Amino acid sequence: MNGILPLWKERGMTSHDCVFKLRKILRTKKVGHTGTLDPGVEGVLPICIGQATRIAEYLTDAGKTYEAVISIGRTTTTEDAEGETVEQDSTNKKFTRAQLLEVLASLTGVIKQTPPMFSAVKVNGKRLYEYARKGETVERPTRQVTIYALELLDDVEIYEGEEITFPVRIACSKGTYIRTLAVQIGAALGYPAHMKELVRTASGTFTQENCFTLAQVAELMETEQIDTCILPVEYALTDYPYIEITSANEKEISNGQVLPADALLKKHDKIVFGINGKAFAVYQAHPTKEGFMKPHKMFPTIE
């Protein structure tokens, strides 16, 4: 069994929980997820099965789309609704739609974020949440992420109250913390804030409409229709040019040899070589030999 299962992760489960359950349902050990979703978050979680686990990093690196509810008035230890209150502003707050849109525009593009203490980022070999659970605080690395779009989803003109909430849609690069973005939005407005709700609606080319729940996957497995929900490896490689292997280069590519760089690598960071439309190898520019390319991934056993 090789391919990609577009899973709809339900609330209350970790990404690892999903992998554990799928290993039992699919009766195979070679299962891996493509990016952690917090237990309180539901949404699109592509799962790689068999040889497709070799391209999990491509899916992890793909852009994501989320729909979130931002709450103005309180910050928490986890930056979401699950954490304990750190700061609360109980005053009556008021700002206009124009002011909010200006803040969202200021946080669109390349921005800097400091990962929350309750996150899986590693510092000195340990996950930040391991420090946080012990009540320890460590210096966290600030990183750059890209917010491709930050869209307000309601039609309110005046926001007013002790707690103000509003829905947004975020298209962003990998590594973006929507919880942290919620805090940044609040800070730009001059108030404490946290992420109240979050749903991941897309991961790369996978959308909510593509997805199956664990219960649906189990039923398809029992009725021997599991192939209907597992997509081929090629589905995750559509962003890269495809070149059919010929008799002239079949031996070299089959052996994973370094080759003169294809002209397509001037415009794309990777290209896919295949046989009859099926991916066989992914090549990229050689890191040290200018004018040459080398294999990044090989899929010789995928049928």
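User: Which strand does β4 join over nine antiparallel bridges, β14 or another one?
Analyst: In this predicted model, β4 is joined by nine bridges to strand β14, residues 193-203, and the two run antiparallel. Within that pairing, Lys 64 has Ser 203 of β14 as its bridge partner.

User: What about β13, how does it pair with β4?
Analyst: Strand β13, residues 164-172, pairs with β4 in the antiparallel sense, over nine bridges. Ile 170 of β13 stands opposite Tyr 66.

User: How many of the residues in β4 are buried?
Analyst: Seven of the nine residues in β4, which spans 64-72, are buried, so the strand is mostly covered by the definition of buried as under 20% relative accessible area.

User: Changing topic: where is β18, and is it mostly covered or mostly open?
Analyst: Strand β18 covers residues 270-275 and is mostly covered, with five of its six residues buried.

User: Which strands does β18 pair with, and in what sense?
Analyst: Strand β16, residues 242-244, runs parallel to β18 and is joined to it by three bridges. There, Glu 244 stands opposite Gly 274. With strand β19, residues 278-285, the pairing is antiparallel and has six bridges. Lys 270 has Gln 284 in β19 as its bridge partner.

User: What lies between β18 and β19?
Analyst: The two strands form a hairpin with two residues between them, and Asn 276 in that hairpin takes a positive phi near 55°.

User: One more residue: where is Glu 234?
Analyst: Glu 234 is in the loop between α6, residues 214-222, and β16. Not counting residues up to four places away in sequence, Glu 234 touches Gly 277, Lys 278 and Ala 279.

User: Why does Lys 278 not count as a salt bridge partner for Glu 234?
Analyst: Lys 278 is the nearest side chain of opposite charge, at 4.2 Å, and a salt bridge has to be within 4 Å, so Glu 234 has none.

Note on methods: Residues are numbered from 1 along each chain as its sequence is written. This is a predicted model: local features need pLDDT of at least 70, side-chain atom pairs count only at pLDDT 80 or more; totals for chains, interfaces and linings use all residues. Side-chain values use heavy atoms; hydrogens and water are left out. Buried means under 20% relative accessible area, exposed over 50%, partly exposed in between (1.4 Å probe, protein chains only). Helices (H or I, at least four residues) and strands (E, at least two) are DSSP runs, numbered from the N terminus. Two strands pair if DSSP finds at least two bridges between them. Lys and Arg count as positive and Asp and Glu as negative; His and the chain ends are not counted. Contact means heavy atoms within 4.5 Å.
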